[in-house]
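Student: Could we go through this model together, slowly, and could you give me the terms as we need them?

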Amino acid sequence: MLAFLQVLSSGIAIGCVYGLVALSFVLIFKATQTVSFMQGDLLMLGGFAGLALHLAAGWPLMLSALAAVLALALLGAGLERAVLRRTIGQPHLVAVLLTFGLGMMMRGGVASVPAAAQDMYRLPFAADTLELGPLVLAASHLWVIGATMVLALLLAAFFRHTRAGIALRACAEDARSAALMGVPVARMHTLAWALGAGLAAVAGLLLAPITFVHLNMGFIALKAFPAAVLGGLTSLPGALAGGVFLGVAEALAGLALPEGAKDVVPYVLLMAALLLFPTGLAGGRGGGDGR
Amino acid sequence: MKALRRLALALSAVLAGASAHAADVAGVSAREIVVGHVSDLSGPIAMLGTPVRDGMLMRFDEANAAGGVHGRMLRLVVEDAGYDPKRGVLAARKLVQRDKAFAFIATMGTPVVMATMPVVLDAGRLHLFPFSPHKATYEPLHPLKFQNFAPYQDYMEAATRHMVERGDYRRSCLLYQDDDYGQEVMRGVEAGLGKLGRPLVERTGYKRGATDLSSQIARLRAADCDLVVLATVVRETVAAMAEARRIGWQVDMLVTASGYSAQTHELGGDTVEGLYGVSVLPHPYAEGANPRLAGWIERYRARFGVAPNVWSVMGYTLADMFVRTAEATGRDLTPAAFARTLERIEFAGDDFGSPAYRFSADDHLGNRHGRLAQIRNGRWELITDYLR
Amino acid sequence: MRRAAVLRPLLAWTLLLALAVASLGADFAFGQATLVVTYAIAGLGVVIIVGQAGQIVLGQGAFVALGAYAQALLVQAGVAPLPALPIAAAAGALGGALASLPAGRLGGLYFGMSTLAFALIVEELLVRWESLTHGAAGLVVPAFGLAGWTAGTPAAQAAISLAVLLAVLAVCARLLASRLGRAWRAVREDEAAAAACGIAPAAAKLRAFAVGGALSGLAGGLYAHWIGFISPEQFGLVFSFELLMLAFIGGTRRLAGAAWGALVVVAMPQLIAVLRDALPGDWARSAGLELMLFGAVVVGVVLLRPQGLADGSGR
């Protein structure tokens, strides 16, 4: 029972990271109809940006983290302005290839720094543990879970109560009508990319104490696809829930199922979800938007 | 159709021309020796690839600064295959046919080694010290094939046997990466335990790049292990130790040479204190180094901007063996002569504390022995000599 | 087909090969040519799925892997390489059909997701099913042979690949002119209209994936012999994206485009290596530089000719 709870807590924490990446992917996809294959690279870049500011430039940790997220949001916005908006109205494959190429450039850019290519690093926070009776929880896991909840609430408030959030939602629902209503659609696209890149950076920083910061840390973003599909591909809360579900399913599969099953569980779930619940586990509207 | 026929004629003329010059020894001219290196600078083992290459570059530069080998300058041509055998084969063909490499040194990664070795050997070039634990790199005996690193199996058999005897562990378990590396270690651990008549109580794997090992550790704990052998690389080593300590499990762990890295304690801090490891080469710590080693570390740092690690030492040592063998071979450098010399030379220990490497006419594996180390006070301390 | 339409590309390719042989040396050039042609066959699979039927595939590498493993295992079991090739193609076809099945009703991006998931599952299966595939330790594949003769030289390998490519191109050309080819294009342009005309879109899409998978499986069968060693990770995501790039560069509408795309995809990393060697000093040492340049080329290609895939595919 204790082992079960321990594993469950790690599963939820990792699931939150999947969920955040899935969230960033779905946010961009919904608002701009662009499939981004570089969320993992943005995540990695966010981790390294925080690291560079803290270790190399000597900024305080929280400030570095904040600055890293802002920097990545700016990068996202800049990329949207410079290149990504050219994919609007093009087939999905154009965006897939374009973002894949951009992701390679980011990886290459980081790998060009000898210290980054050779070593991995630890961001010095959340190394301790918390004891609740016999249950021992890692502070890093609690951090991830707490930060994800706070972010989710902030995002919900943003989409519900701010002008920009409502406009972004309108834009995602129906870009043409939104434009007719006076929503600056192009600016909304930029905003979506800024948010998406910033969220990926947050995921990277939260992941940093768990897996350290290194060149290949972005591979975790592959799990965001099953998470997004489980959530119905166009639902923000669905993506987050899908991620947590996936993390828990994976962790429990590792405990109960035979060797190796853990690693295919996310993808088997993805295929099963497409077969059985094409609009996501939560059901509801919008399954066809993925076309 | 006439145009086509003329084209075919021109084509065959070019073909004949291309295969005409093959008189001298490939890669050896009056002024230069070309050495090829197929590396991984962008793939999953890029963290090894870069320091190995830099170590080799450093040794070759030193040799060149000292006038070269019998007046010939050494030139290392590096190609990045990124752990991908397709790119490896293309790189090997380029090195064979265009750069005319005299020898291939330290090819990185089993898939790349397995795909490129036939290309290299068929062209009659030396295939030296690849980074692959595969037996095919030295067996069956081939006049041009030499290997410096034993399969993990050999190191781990001796290390497991020694550890279990030393600590009288009853319930040994294994956490392994589910690839060729993990398999090799598993065979070694099983063989070592088999010799003592003890079972491998539980084994559990993880996928390369896995983020979370909590379910694996929970499994091992449920099996009540008293020794966990880790076939992991640096990050997973730290993650496994941290996870075990987190759930309050004070079990002894032994990691392979892949986890024997300064990064393990730099990243792990207190959580990895007490971890055992297998060392094939000691880590070059600047603190407490003898003056010659300290000088080497300083030169390396000045040249490449980062501190050297055990892989840098490995690269440097391999290049050093190449230089010394080429020097001992004399002016008439051919692959066959080089191989005969390599079979005779004894490479005794050096400033780094390397093991003695020795090849013979019927054994092309240079070393089979590792030693045990433990993390004490935040650094690796060697606790045994090379295990026989 | 008119003679000029066949003769002109033939002349262009022969000239290119002659140039390559003259400047790179015969063995190297033929080795390259073998790989280009094999990539082209695998890429044809993407051209069918993406260009003709207008769907998305993100896991094409897995179909190549299935073909390669089928071929390697059959040859190991004593089947001659030539008769094994159709079975390799069948393995790829089966993979294509299976991968596309879950998204059959949804189409579009969902095909991308399901093929991606399928590819990751296949990779894991190849690692785990050790008794059959030797897991991550990989399989050594003997040289391609025919009745006592083995294709040991790069020139022979290039000739065999070329023969297969030409045969496959002929078959594909006929297929595209057939009912099925028309059905694909109808589905690509407008699914609802196609359905109204009595075409079953789901069946047409399934067949596109099966045919695309078969082509890539066939290429995998050849590839296993040319590289001589196969292991699960070499058919991963990067390979799938290389094939996508190939189809994108070559243009997905014309079959012959696959060959040009393959040439670019195979040659590009090497051109980049040449460029890297030309750079001064420590820049050349940087591991990330090649990756960055490759990414830049991908971005450049996509931005410069987004119409390579335009109107109708994937959306």
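Tutor: Gladly, and strands come first: two strands pair if DSSP finds at least two bridges between them. Helices (H or I, at least four residues) and strands (E, at least two) are DSSP runs, numbered from the N terminus. This is a predicted model, in which local features need pLDDT of at least 70 and side-chain atom pairs count only at pLDDT 80 or more, while totals for chains, interfaces and linings use all residues. Residues are numbered from 1 along each chain as its sequence is written, and chains are lettered from A and ligands numbered from 1 in the order in which they are written.

Student: OK, chain B then. Which residue is the bridge partner of B:Cys173 in E8(B)?

Tutor: The partner is B:Val228, and this bridge belongs to a parallel pairing in which strand E6 (residues 172-177) of chain B is joined to E8(B) by five bridges. E8(B) is also joined, through four bridges and again in parallel, to strand E9 (residues 252-255) of chain B, where B:Val255 is the bridge partner of B:Leu230.

Student: What order do the strands have in the open sheet of chain B?

Tutor: That open sheet has five strands in the order E2-E1-E3-E4-E5, with parallel pairing, and its edge strands, E2 and strand E5 (145-146), each pair on one side only. Within it, strand E1 (residues 32-39) and strand E3 (residues 103-105) of chain B pair in the parallel sense over two bridges, and B:Val35 stands opposite B:Ala103.

Student: Switching to interfaces: how many residues of chain A are in contact with chain C?

Tutor: On chain A there are 37 residues in contact with 42 residues of chain C. Helix H4 (92-111), helix H10 (224-230) and helix H12 (261-276) of chain A each supply at least two residues of that side of chain A, and H4(A) gives the largest share, 15 residues. By class, this side has 25 nonpolar, eight polar and four charged residues, where Ala, Val, Leu, Ile, Met, Phe, Trp, Tyr, Cys and Pro count as nonpolar, Asp, Glu, Lys and Arg as charged, and the others, Gly among them, as polar.

Student: And what about chain B against chain C?

Tutor: There, 31 residues of chain B are in contact with 28 residues of chain C. The largest share of the chain B side, nine residues, comes from H3(B), and by class that side has 15 nonpolar, five polar and eleven charged residues.

Student: Is C:Pro83 buried or exposed?

Tutor: C:Pro83, which is found in helix H4 (residues 81-100) of chain C, is exposed, because 9 other C-beta atoms lie within 10 Å.

Student: Back to chain A: which residues of H6(A) are buried?

Tutor: A:Ser140, A:His141, A:Val144, A:Thr148 and A:Leu151 are buried there, and what covers the buried residues of H6(A) includes helix H1 (2-32), strand E2 (135-138) and helix H9 (185-211) of chain A.

Student: Last one: which residues touch the most other members of the largest nonpolar core?

Tutor: Of its 350 residues, A:Val17, A:Val21, A:Leu72 and A:Leu97 do, a nonpolar core being a set of buried Ala, Val, Leu, Ile, Met, Phe, Trp, Tyr and Cys residues joined through C-beta atoms within 7 Å. Helix H2 (residues 26-52) of chain C gives the most to this core, with 18 residues. Leaving aside its neighbours within four places in sequence, A:Leu72 is in contact with several residues, including A:Leu42, A:Leu45 and A:Ala197.

Technical notes. Two residues are in contact if their C-beta atoms, placed from the backbone, lie within 7 Å. A residue is buried if 20 or more other C-beta atoms lie within 10 Å of its own, exposed if 12 or fewer, and partly exposed in between; C-beta atoms are placed from the backbone.
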